Amino acid sequence: MWYRSKRDEDAQAKQAGATPEAEIKEAIPMATHPTRTAEFGSVRSGALIGKSLEITGKIRGAEDLVIDGKLEGDVELPEHRLTVGPSGVLHGKIRAREIVVYGSVQGNLEASERVEIKKHAKVIGDLKAQRPVIEDEAYFKGNVETIRAETPKPAPAQLQATAAAASAQAAPVQASLPQTAAPASAKVENRKA
Amino acid sequence: MSTGPLPRRQTATQGGGTGAGRRSYGLEQITEYLRGFEGGQVIDFGGACQSNIDYVTGLGHRLYAEDVLVTLAGAAGAGTIPGDCFAFPRSSVHAVLCWDRLQFLSEPQLGAVLDRLHRVLAPGGLLLAIFHPEQAPTAAPLTCRVAGDGQLLVTAAAGARPFRPFNTRAIERLFQNFESVKLYLTRDNLQEVIVRR
């Protein structure tokens, strides 16, 4: 009796274990397109230059690119992201929306959004981006310049000319205003100062 | 060449320390100078460091980062420095953050670096250097991060190495070609030097 109940329990356990697994397997859809596994913390799809590839020439495109091989030449991906993988070696200028470097780059980097130089990466060249990020233990030698999202401040002379023009335009309006309006405009000027 | 007064040693509260860093008179002066304009060029001899990049670019300037100890390693006897080592046109740099790097250079290298600094710094430009106490035989190169407005976070890297000791007079002589030298003794017993070109 004890033996029978033990067998029954085992059978029940097997059934219980098998059913959800089978359901999960059935729930997973089959891939119809080749997919890339998550690389360097990103699950984006795009082109990949593998470790064994060596390319000489300019690359221009409209999709994300991962370089894990060697490239001698410039890269232009104005609307996309370039990742230089840990084995990637690049000699040339890079212009992209986002640039992430895990490997080695010798050349200037320009990104309309951000440049990230990861730990143990090596970059020799000038860097221009809205958000430059250089992790500790990364080697970087070059100039860092940020691109500002907002419009640049006008030069002082230009600012004065604009203010003069604005006050000249405002003068007839102020003249037509009643006397009580004057303190209000004075208050605004004080706040600006 | 004029020499500024040597202020008394600051305690944490007197120095206005926040815990994240200590007050740096040299950094305060450089910040005040850099706030006066935009689009200038600053050199950091300590290599790339995110907080220093944010500090300089936040003030509207470009930062050239290079660890001179790495660049000049292996050429200790040479009296010249590589052409690509902070190679800027004459008088095009507005501030240099040397930290303690000058003390770890050999004598010929130090002379060559100072000559180039004098050439690339614009008249009126500032240079901030830090010197270890001359009593200590060895020291680890410092990692200096700007931790806020006039606040500096100084940490020693691993691996102490011998350095060239400088007393106050020797520091003044080192920068004799520059317009002025001011020295401040910090509460962590370092000499902070601010030099005007």
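User: How many residue pairs are in polar contact across the interface of chain A and chain B?
Analyst: The model is predicted, and the pairs counted here have both residues at pLDDT 80 or more. Across the interface of chain A and chain B, the number of residue pairs in polar contact is nine.

User: Which element gives the largest share of the side of chain A that touches chain B?
Analyst: Two elements of chain A give two or more residues to this side, namely strand 13 (131–134) and strand 14 (139–146). Eight residues, the largest share, come from strand 14 of chain A.

User: How many residues of the side of chain A that touches chain B are charged?
Analyst: The residues on this side of chain A include six nonpolar and three polar ones. The charged residues number five.

User: Which residue of chain B meets Asp136(A) in a salt bridge?
Analyst: The rule finds three salt bridges across the interface of chain A and chain B. In a salt bridge with an N to O distance of 3.2 Å, the side chain of Asp136(A) meets that of Arg145(B).

User: Which three residues supply 35% of the area that chain A buries against chain B?
Analyst: The contact takes 14 residues from chain A and 20 residues from chain B. Between them the chains bury about 1400 Å², with 43% of it on carbon and sulfur atoms. Supplying more of chain A's buried area than any other three residues are Lys141(A), Asn143(A) and Val144(A).

User: Why are the buried residues of helix 1 of chain B on the same side of the helix?
Analyst: In helix 1 (residues 25–34) of chain B, the buried residues are Gly26(B), Leu27(B), Ile30(B), Thr31(B) and Leu34(B). They lie on the same side because the arc they cover around the axis is only 135°.

Conventions: Residues numbered from 1 in each chain as written. Chains lettered and ligands numbered in written order. Predicted model: local features only at pLDDT ≥ 70, side-chain atom pairs only at ≥ 80, totals over all residues. Heavy atoms only, no water. Buried < 20%, exposed > 50% of the residue type's maximum accessible area, 1.4 Å probe, protein only. Helix = DSSP H or I, 4+ residues; strand = E, 2+ residues; numbered from the N terminus. Arc of directions from axis to C-beta. Contact = heavy atoms within 4.5 Å. Buried area = accessible area lost by both parts, 1.4 Å probe. Salt bridge = Lys/Arg side-chain N within 4 Å of Asp/Glu carboxyl O. Polar contact = N/O pair within 3.5 Å; in protein donor to acceptor, adjacent residues only side chain to side chain. Nonpolar A, V, L, I, M, F, W, Y, C, P; charged D, E, K, R; others polar.
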